[in-house]
Amino acid sequence: MGVKRKMFDLIGLGKSSKKASLELIKLTEEQRNNALKVCAKALRDNKEYLIQQNSIDIKNAKEKGMSDAFIDRLLLSEKVIEGMAIGLEQVSELENPLGKIVYSYKNQEQGILVNKKNVPFGVVGIIYESRPNVTADAFALCFKTANAVILKGGSDSLISNVAIVKVIKEALKGCDIDQNCISVIEDTSRQTTIEFMKLNKYVDLLIPRGSASLINSALENSTIPIIETGTGNCHVYVDEFADLDMASKIIFNAKTQRYSVCNACESLVIHSKVLNEAMPKIAKALKEKQVEIRADERAYETIKDYPYLTKATEEDFYLEYGSAIISVKTVDSIAEAIEHINEHNTRHSESIITSCEERAEKFLNEIDASSVYHNASTRFTDGFVFGLGAEIGISTQKLHARGPMGLSALVTTKYYISGDGAIRK
């Protein structure tokens, strides 16, 4: 007989989180904002501890032969920790959507006043992979909106995540706030992850963010309502009326500034009328970072002497590489470009480079994605850049939250009805 696995106490965790969420709604906005600033200071004050704990995760990842892009996502440097602290402070200064009346109606015949207000979800579950900075971002946004949060990170970042949560819990304790408003699941097994997805008695909303396999697992197993965050097969389309120097600079930025992020350009689409001039110019820029180009037949012929060149397969046009690889598709019209992108993208971020406003408007209106760009890099899709402070993920679905998710994505609504002895007539 095999050894029976010791079960992580998810039920106990769910109960304590639910209790903490009820305590959170009793706090004033000022109390929550002050606590966030205290937590930000605690992250700075404990940066040596956080870096030391993170170094264990980094060492383990290197011993496993993980890629440089993976380790980049995992790293907690002084700069990353400072960014986490700034994120908490920024969230504390943002306007809170809680309590906002989004609909009001006075039914004079029935003698009632109906107000619809923003309220917390209660307990939010976050499942994510090897980005320990998500731990602080998720806490900040949930705490600001009076939601307790249960965090389920990947095994590769477990030591870092536990350390961040420990620092935040100690800061909350000093503010006399229930520490269970933030929790981390320390069992990283697949079985516990799936059991967490079924904790709908205690968890009101689940946000999985990470790989396609993680998202699909949540869609298949969760009994908790989900906000789906997606992978990022993002495109840049170089139109026949594009400024090719601009296009080259934008593509270089979108592809090479940081390979591991979901808003990096993975696919390049080029109009055939500018292909012969555009492709060598773009390849020259990408060569600086030794980017592998996987090109269709026509694009391949224009840069045959490029040292990192292979022929693209149909599968390549669907891939999020997360590394120094980009696919190239040649099209004969903007309509074909839009059709290709809508077929192969992940509804994340798409950009058109063109000097023609009419064509830009057509692209922006007809592309199915959470964020669409004209003459700009896809790398801007980010809650921080969009003025949301920290973000809890980038939604690629079409429900109440789409694109970078800030505070407004973490509230639901409740109807408040008042009368003076009103009975329905």
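**Figure 1. Tyr103, a partly exposed residue.** With a relative accessibility of 40%, Tyr103 counts as partly exposed, because that label covers everything between buried (under 20% relative accessible area) and exposed (over 50%), using a 1.4 Å probe and protein chains only. This is a predicted model, so local features need pLDDT of at least 70 and side-chain atom pairs count only at pLDDT 80 or more, while totals for chains, interfaces and linings use all residues. Residues are numbered from 1 along each chain as its sequence is written, and side-chain values use heavy atoms, with hydrogens and water left out. Tyr103 sits in strand S1; strands (E, at least two residues) and helices (H or I, at least four) are DSSP runs, numbered from the N terminus.

Figure 2. Look for Val102, Tyr103, Tyr105, Tyr415 and Ile417: together they make a nonpolar surface patch of about 520 Å². Strand S1 (101-107) and strand S16 (411-419) are the elements giving two or more residues to the nonpolar patch. Which strand gives the largest share? That would be S1, with three residues. Residues in a patch have over 30% relative accessible area and no salt bridge; nonpolar side chains (Val, Leu, Ile, Met, Phe, Trp, Tyr) are joined within 5 Å, and like charges within 9 Å.

**Figure 3. The protein chain, for orientation.** Zoom out for a moment: the protein chain has 14 helices and 16 strands. Its C-alpha atoms fill a box of roughly 75 × 65 × 45 Å, taken along the principal axes. Of the 425 residues, 52% are buried. The accessible surface comes to about 19,600 Å², and 50% of it belongs to carbon and sulfur atoms. These areas come from the Shrake-Rupley method with a 1.4 Å probe, and for residues only the protein chains shown count as cover. Now for contacts (heavy atoms within 4.5 Å): among those between residues at least 6 apart in sequence, 72% join residues at least 24 apart.

Figure 4. Side chains of opposite charge can pair when their charged atoms come close. A salt bridge here is a side-chain nitrogen of Lys or Arg within 4 Å of a carboxyl oxygen of Asp or Glu. How many salt bridges turn up in a search of the whole structure? There are 25. In the one between Lys37 and Glu93, the closest N and O atoms are 3.1 Å apart. Lys37 is in helix H2 (residues 29-45) and Glu93 is in helix H5 (residues 78-93), so this pair ties together parts 56 residues apart in sequence. Lys37 is partly exposed at 35% relative accessibility, whereas Glu93 is exposed at 57%.

**Figure 5. Asp156 pairs with Lys64.** This salt bridge has its closest N and O atoms 3.2 Å apart. The pair links distant parts of the chain, 92 residues apart: Asp156 is in the loop between strand S4 (148-152) and helix H7 (158-174), and Lys64 is in the loop between helix H3 (47-63) and helix H4 (68-74). Buried or exposed? Asp156 is buried at 18% relative accessibility, and Lys64 is exposed at 53%.

**Figure 6. Arg258 pairs with Asp72.** Here the closest N and O atoms of the salt bridge are 2.9 Å apart. Arg258 belongs to the loop between helix H10 (244-256) and strand S8 (265-271), and Asp72 to helix H4, so the pair ties together parts 186 residues apart in sequence. Arg258 is partly exposed at 30% relative accessible area, and Asp72 is partly exposed at 32%. Elsewhere, salt bridges that share partners join Asp239, Glu240, Lys273 and Arg359 into one network.

**Figure 7. Thr135 in helix H6.** Thr135 is in helix H6 (residues 133-144) and counts as buried, with 0% relative accessibility. Leaving out residues up to four places away in sequence, Thr135 touches Tyr128, Leu151, Asn161, Ile164 and Val165. Ile392 is 257 residues from Thr135 in sequence, yet their C-alpha atoms are 9.3 Å apart in space.
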